[in-house]
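Biologist: I would like a close look at one part of this structure, the surroundings of the ligand. After that, please go on to a few other places in the chain.

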Amino acid sequence: MQRHKGRRVLITGAGNGIGMAAACFFAGEGARLCLVDVDAGALAATLDKLPPGTEALSHAVSVTDEVAIAGVVDAMVAAYGGIDAVVNSAGVVVVEPALEARIDIFREVIEVNLVGTWIVCQAAARHMVKAGSGAIVNISSVYGFQGAPSRTAYCASKGGVVNLTNSLAVEWGPLGIRVNSVAPTGTRTPMVQGLIDRGIYDVDAVSRRTPLRRIAEPEEVAAACGFLVGDEAGMTTGHHLAVDGGWLANGFLMAPKAGA
Ligand SMILES: NC(=O)c1ccc[n+]([C@@H]2O[C@H](COP(=O)([O-])OP(=O)(O)OC[C@H]3O[C@@H](n4cnc5c(N)ncnc54)[C@H](O)[C@@H]3O)[C@@H](O)[C@H]2O)c1
């Protein structure tokens with residue numbers, strides 16, 4: 001299937017995890033890519049994974065650098081003649097108790113996850129508006145809708161992404177630009193692996209609270225992005241598609257441990 005054949009898609013955070021899976025997904029569906037990540041080595045590794053013949057530009061810049069991002073979008077438009085879609089996946093997580101949280105770290109998380117998402121949305125939409133069409137997918141989180149201990153900055157940033165998405169959907173809908181988010185639960189990526197390695201993420205406990213009894217795979221999140229970018233979602237904007245195995249639906253207890 002080449003459902004996104006010729007579609008010009010910008011993906012941030014494309015060097016790892018969900019962004020990398022999105023790059024592979026859209027490349028597999030025939031899209032032309034522009035990949036952004038602050039980590040040049042990770043970006044190169046993603047480029048190596050794309051199917052032969054994939055058209056892909058890449059830029060090792062931070063989403064927080066509005067001048068660089070404007071340049072990336074301008075270069076993409078110059079190369080491809082326009083920009084049809086964005087997947088905003090660049091993000092960071094910090095886990096520290098709120099009473100000890102450092103203000104500079106709090107600012108950094110908000111800067112990357114929320115301000116960076118906004119910077120890319122605005123830069124892309126300034127071109128999309130000329131074509132009168134476009135689709136933006138922001139990767140929010142179940143923690144855009146819930147609080148969690150020791151994740152104050154992360155939850156605040158993702159709550160911001162949810163309502164940024166709502167606001168842009170409302171303002172840009174009449175201009176032909178759809179803006180949605182995908183809200184994943186814990187997903188098997190380097191971000192989560194880093195938390196597992198530090199002993200602060202318990203896959204078993206998360207799985208027991210999840211009706212589908214597992215965490216997500218990055219390819220499942222990428223597929224949801226594909227749906228929201230695609231023509232099938234032509235009447236969908238301001239929506240938050242949970243890829244969470246039922247996490248947000250569940251107000252009940254964890255399942256007991258096996259054997260308990
Ligand atoms: N993995 C999860 O469990 C999970 C759950 C919910 C939401 N999310 C969100 O999904 C998105 C992707 O997460 P992931 O798990 O793939 O993370 P990841 O750490 O595996 O990959 C994130 C990528 O973003 C890049 N990045 C970080 N800061 C950047 C910046 N300033 N500019 C450009 N690139 C930058 C990193 O270099 C990395 O390649 C994030 O926004 C994250 O908050 C992840």
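Modeller: What follows begins at the ligand and then moves to some loops, a strand and a pair of rings.

The model is predicted, and local features are given only where pLDDT is at least 70, side-chain atom pairs only at pLDDT 80 or more, while totals for chains, interfaces and linings use all residues. Residues are numbered from 1 along each chain as its sequence is written, and side-chain values use heavy atoms, with hydrogens and water left out.

There are 29 residues around the ligand, where a residue counts as near if one of its heavy atoms lies within 4 Å of the molecule. Ile 18, Asp 37, Tyr 154, Thr 187 and Thr 189 come nearest. Some of the surroundings make polar contacts, which here are pairs of N or O atoms within 3.5 Å. In Ile 18 a backbone N or O atom lies 2.8 Å from a ligand oxygen. Val 38 has a polar backbone atom 3.2 Å from a nitrogen of the ligand. For Thr 189 the atom belongs to the side chain, and this polar atom is 2.5 Å from an oxygen of the ligand. Taken alone, the ligand exposes 820 Å², and the protein buries 92% of that; such areas come from the Shrake-Rupley method with a 1.4 Å probe.

Helices (H or I, at least four residues) and strands (E, at least two) are DSSP runs, numbered from the N terminus. Asp 39 is partly exposed, because its relative accessibility is 37%; buried means under 20% relative accessible area, exposed over 50%, and partly exposed in between (1.4 Å probe, protein chains only). Asp 39 and Cys 24 are 15 residues apart in sequence, and their C-alpha atoms are 17 Å apart.

Leu 57 belongs to strand S3 (residues 56-59). With a relative accessible area of 24%, Leu 57 is partly exposed. Apart from neighbours within four places in sequence, Leu 57 is in contact with several residues, among them Leu 33, Leu 35 and Met 76; contact means heavy atoms within 4.5 Å.

Now the loop between helix H7 (203-209) and helix H8 (218-229), which holds Thr 210. Thr 210 has a relative accessible area of 0% and is therefore buried. Beyond four places in sequence, Thr 210 is in contact with Asp 244, Gly 245 and Trp 247. Trp 247 also has Arg 209 over the face of its ring, at 4.0 Å from the ring centre. A charge sits over a ring if NZ of Lys or CZ of Arg is within 6 Å of the ring centre and within 35 degrees of the ring normal.

Arg 213 is in the loop between H7 and H8 as well, and is partly exposed at 46%. Most residues other than glycine have a negative phi. Arg 213 is not a glycine, yet its phi is positive, about 60°. Ser 150, in the loop between strand S5 (134-139) and helix H5 (152-172), also has a positive phi, near 65°.

One aromatic pair is counted. Phe 25 and Phe 26 have ring centres 5.3 Å apart and planes at 85°, so they are edge-to-face. Rings of Phe, Tyr and Trp (its six-membered ring) pair if their centres lie within 6.5 Å; planes under 30 degrees apart count as stacked, over 60 as edge-to-face and the rest as tilted. Phe 25 is buried at 18%, and Phe 26 is buried at 0%.

Notes. Polar contact = N/O pair within 3.5 Å; in protein donor to acceptor, adjacent residues only side chain to side chain.
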